[in-house]
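Student: I have a model open and want to go through it quickly. Can we start with the charged pairs and work outward?
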Amino acid sequence: MLETATEWWLDRPMEPTAAPLRPIVAAADSPLPPPREGDNLLNGDRALVEALAREGAGAFTADVSALGQTLAERDWIARGFAANDNPPQQIAYDRGGRRIDAIDFHPAWHELLGLAVEHGVAGAPWADDRRGAHVARAAKFILIAQVEAGITCPLAMTYSCVPALRLDGDVASAWEPLVSSGEYDPSEVAASHKRGALIGMALTERSGGSDVATSTTIAEAVSGGEPGEMIVDGAKWFVSAVQSDAFFVLAQTADGISCVLVPRLDEDGRPNGFRIDRLKSKLGNRSNPTAEVVLTGARGQLVGEQGRGVRAIMAMIGGTRHDCVLGSTAVMRLGTAEAIHWSAHRRAFGARLLDQPAM
């Protein structure tokens, strides 16, 4: 989102696909810059516009630009601050004393996450056969992360889960249509009754952190159950986006570490052996609920081969690491654009900062 006052930053004109930018002019007697808002987040980012065309997603430019314009609006920027300033709260019990393990969010969280899901930043590209669909989704991820970064965690996991779901045909047929629907449905009911779903991971334990071989969580086959049906018992120390509809859980089986997909709620809408001990207090990523969770008799479905759980979950983790790169890119882009905007409009010692020798 570079203003025309900063043409010194560009070494050549914008590409034809990028619309002219509206200049923002501060009051002549004010040393402070005006709010950085209103200018399309995509159209001011020449590198991202060029990347869409270079990587085969030029046909999606207008679609990505539409999201970029929405995110530049004052109300959506305000929602980003509201979600970050009002972290989620754990609701362990209802008024009658029944254990519900719910999470209460500021409305801005749902509005932002809904906007992103409906613009295809979660699993929708997996159901889109058009060339460049995944590239366009990556560009949208960069845009949304500049307004609110916490929602990118459930977006990244839900997008990345599809290759892992496809390790089991029955699991994929039940869950892939939900994660790729492009619909956001935060209702507290079983996933089978929803229009869309979010997927998370439950890997880390107190005992070993990333050393998942030390996991003490146990998964055992259900006696007389369907093939691959498991019961999971254990504790997970760091479960992000804990309001998700299901989680890939690493657990010990007779053959070693295995991967089990565990729904958070059962078919009656009650916790599926899933208890939230507490939410983490975090320096960053504040709008995203990360919890310590205990699993007791939680029912799930084996994904991949027994004893090959790390291999199975890596089918998902690879995509989430890709999104970590996109999120870091977004933060660097945001910081650069904010610095340019400030330097172009902030006045000190009788001139704009960009006109000062030190700048």
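Student: How many salt bridges does a search of the whole structure find?
Tutor: The search finds 24.

Student: Take Arg 166. Which residue does Arg 166 form a salt bridge with?
Tutor: Its partner is Glu 176, and the closest N and O atoms are 2.6 Å apart. The pair links distant parts of the chain, 10 residues apart. Arg 166 is in the loop between α7 (162-165) and α8, while Glu 176 is in helix α8.

Student: Is Glu 176 buried or exposed?
Tutor: Buried, with a relative accessible area of 15%. The cut-off for buried is under 20%, so Glu 176 qualifies at 15%. Arg 166 is partly exposed, at 42%.

Student: What does Glu 176 touch?
Tutor: Leaving out residues up to four places away in sequence, Glu 176 touches Trp 126, Val 162, Leu 165, Arg 166 and Val 171. Helix α8 itself covers residues 169-179.

Student: Next pair. Which residue does Arg 278 meet in a salt bridge?
Tutor: Glu 292, at 2.8 Å from N to O. Arg 278 is partly exposed at 45% relative accessibility. Glu 292 is buried, with 5%.

Student: Which residues do salt bridges with shared partners join into one network?
Tutor: Glu 183, Asp 185 and Arg 195.

Student: And Arg 270?
Tutor: The side chain of Arg 270 meets that of Asp 268 in a salt bridge, 3.0 Å from N to O. Asp 268 is exposed, with a relative accessible area of 60%.

Student: Which residues of α3 are buried?
Tutor: Trp 76, Gly 80, Ala 82 and Ala 83. Seen down the axis of α3, the buried residues fall within an arc of 165°, so they line one face of the helix.

Student: What's on the other side of α3?
Tutor: Arg 74 and Phe 81, which are exposed there.

Student: What covers the buried residues of α3?
Tutor: The cover includes α2 (61-71) and α4 (107-118).

Student: And helix α6, how many of its residues are buried?
Tutor: 9 of its 9. That helix runs over residues 152-160 and is mostly covered. Among its buried residues are Cys 153, Met 157 and Tyr 159.

Student: What about Phe 349?
Tutor: Phi of Phe 349 is near 55°, again a positive value in a residue other than glycine. Phe 349 sits in the loop between β10 (347-348) and β11 (351-352). Phe 349 counts as exposed, at 84% relative accessibility.

Student: Zoom out. How many helices and strands does the protein have?
Tutor: There are 9 helices and 11 strands. The radius of gyration is 23 Å, close to the 21 Å that the globule rule gives for 359 residues, so the protein is as compact as a globular protein of that length. Its C-alpha atoms fill a box of roughly 80 × 45 × 35 Å along the principal axes. Of the 359 residues, 51% count as buried.

Student: Last one. Where does pLDDT stay under 50?
Tutor: Over residues 1-26, for which the model has 60 contacts beyond four places in sequence. Where pLDDT is low, the predicted coordinates should not be read in detail. The protein averages a pLDDT of 91, and 92% of the residues score at least 70.

Note on methods:
Residues are numbered from 1 along each chain as its sequence is written. Side-chain values use heavy atoms; hydrogens and water are left out. Helices (H or I, at least four residues) and strands (E, at least two) are DSSP runs, numbered from the N terminus. Buried means under 20% relative accessible area, exposed over 50%, partly exposed in between (1.4 Å probe, protein chains only). Contact means heavy atoms within 4.5 Å. The arc is that of the directions from the helix axis to the C-beta atoms. pLDDT is the predictor's confidence in each residue, from 0 to 100. A salt bridge is a side-chain nitrogen of Lys or Arg within 4 Å of a carboxyl oxygen of Asp or Glu. The radius of gyration is taken over C-alpha atoms; the globule rule is 2.2 Å times the number of residues to the power 0.38.
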